[in-house]
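Dear colleague,

Please find below the structure that I am handing over to you. I would be grateful if you could read the notes that accompany it.

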Amino acid sequence: TQRNKIYMMLLKIAWRNLWRNKRRSFVALGSIIVGIIALMLNDGIGNGFQTQMLNNQIDSHIGHLQVSKAGFKDNKTVQSFIPDKDKVINLIQKKMNHSSHSQRVIVSGLVSSPSTSSAIMLTGIDNSEEKKVSTIHQSILSGKFISDNPLDILLSKKLAEKLEVEIGDKVIGIASDLKGEVSNQLFRVCGIFSTGDAAFDNTTAFVNIAVLQEMLGYGNRISEIVIKLPNTDSVNIYRSFLSNNLGSDYDVKTYAELLPLIMSYIETYKSSILIIYAIIGLAVIFGIINTMLMSIFERIQEFGVLMSIGMKRSKIFFMVVNEALLLGIFGSVIGMCTGYLICLPLIINGIDLSVFSESLSSFGMKSIVYLELNLRMMLNIFITMPITAVLGAIYPAIKAVKLNPTDAVRYV
C-alpha cells in the first residue's frame, strides 16, 4: 500500500541519515553496546549465582519434595516418624512417573572421636536410593561413599577436621532411641565429602539406614522421604497431589518452602535488576538525546525545506524516531554478539572466587561461579535497548517538528 511505501522510504532516509556523521553515530552505538554488555554480564552473573545456589541445595540433599510426619521439620525428634511409609511410596510409584525417591532416618545426636565430640544430625540412608536423589556420592573428596558395611560413616571435611579424624579412624555415634534411652554405635570413617554448603556440611553425617534403625529401635520406620523430579515444572502439582491423598498427618514440602532464605534472595534480586536496567537505560537515553539533538541542529535547514514542500510534521517526527530505532536495533545486534563472545569463556570456565570461598559456602555455593544466559534475559535486553533509544529520540523529534519552516530555511 501507499502508506507502507512511505514508511519504507522514511526508514531508508533514516538509515542514510545515521551515517552522514559516522563519528557521532559510532559514539551513540558505543553507548548502546557497552550498556548491553554490562546488562549481559550483570544478568549472567546474577542468574549463575541464583541457579547454582538453588541447584546445589536441591541436588546435594534437599530434593524437589520432602514427605515427613506433620511437625517433623519444626521439631526433629526421634518420635516423629512417618505414620505409614508404604502408603507414601505406593503413591509415588503409581502416580509420579520418572521420579526418584530415597528413604531417610534423621536424628539429632553426637559423634565422638578420641579428641573431641560434635553435635550433628545423624542421617541414615540407603546408598542405592540416595544416589538417585542427591549428589553426595559425587562430592567425595577422599575415601568412598557409604557401602553395605554396617560400620561405614561419611563425614564432611569440616566435621572430620573438627573431630581430628581421617579415613579408617573410629568414631562413636550417640543418640536417644525410641524409648528415650541413650544408644551408641561404633563407626569407621569411610569417606569425607564437601557439598559447598557450610551449614549442612558442619552438622550432617551419613550412615547406613538399617544400622541407624536398629540403633534407635525403629524397626522399619523412617523419618522422611526425599523425592527428585526431572525438573521443577511439576513440583507444585505433585505437592498438591500428595497433600490431598496423605492428609493432615503428613507434611509435604517443596524445595521453595524448605529454602526460604534463598527464595527470598532470588525475589530480591529480581526486583533489584529492574533498578540496574533503569540506570543503564537512563545513561543510554541521555546519550541518544545528545546525539539526536546535535543531528537536529545540523539539519535545521533541511527540515525547513521538507516542511516547506509539504512534508507533514508527523512524518518528520517518525523519521527522527526511526533513526534512533535503527540505531538501537543495530547497536543491540552488535552488543549482544560482542557480549556473548565476552561471556562465553565465563560460561565455560566460570569465575574463580576462591578468595571468597568461606562466604560463598554460607550461601551453599562452591567457589567457581558460572555465568548463565537464557532466552528470556536475551529477549529482555534486545527489546529494552531499541525502546530506550526511541524514548531518547522523542524530545529531539518534538524539537524538530516545532521548527518554523520560514525561519528554518533561513537558519545558518
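The notes below cover the cysteines, one lysine and the nonpolar cores. Please bear in mind that this is a predicted model.

Cysteines. The structure contains 0 disulfides. A disulfide is a covalent bond between the sulfur atoms of two cysteines. For cysteine 343, the closest cysteine sulfur belongs to cysteine 337 and lies 12 Å away, which is too far for a bond. Cysteine 343 is buried, at 1% relative accessibility. Cysteine 190 is also buried, and its relative accessible area is 6%.

Lysine 85. This residue belongs to helix H3, which covers residues 85–95. Lysine 85 is buried but forms no salt bridge. Its nearest side chain of opposite charge is that of aspartate 86, at 5.1 Å, whereas a salt bridge would require a distance within 4 Å. Leaving aside residues up to four places away in sequence, lysine 85 is in contact with Gln103, Asn220, Ile222 and Ile225.

Nonpolar cores. The largest nonpolar core comprises 51 residues. Leu65, Leu122, Ile153, Ile227 and Leu242 have the most contacts inside this core. Helix H7 (residues 209–216) contributes the most to it, with 5 residues. A second, separate core holds 44 residues, including Leu11, Ala28, Val320 and Ile381.

As for leucine 65, its contacts beyond four places in sequence include Ile227 and Leu242. Among the other residues that leucine 65 touches are Met96, Ile225, Tyr238, Arg239 and Lys253.

With kind regards

Definitions and conventions. Residues are numbered from 1 along each chain as its sequence is written. This is a predicted model: local features need pLDDT of at least 70, side-chain atom pairs count only at pLDDT 80 or more; totals for chains, interfaces and linings use all residues. Side-chain values use heavy atoms; hydrogens and water are left out. A disulfide is a pair of cysteine sulfur atoms within 2.5 Å. Buried means under 20% relative accessible area, exposed over 50%, partly exposed in between (1.4 Å probe, protein chains only). Helices (H or I, at least four residues) and strands (E, at least two) are DSSP runs, numbered from the N terminus. Lys and Arg count as positive and Asp and Glu as negative; His and the chain ends are not counted. Contact means heavy atoms within 4.5 Å. A nonpolar core is a set of buried Ala, Val, Leu, Ile, Met, Phe, Trp, Tyr and Cys residues joined through side-chain atoms within 4.5 Å.
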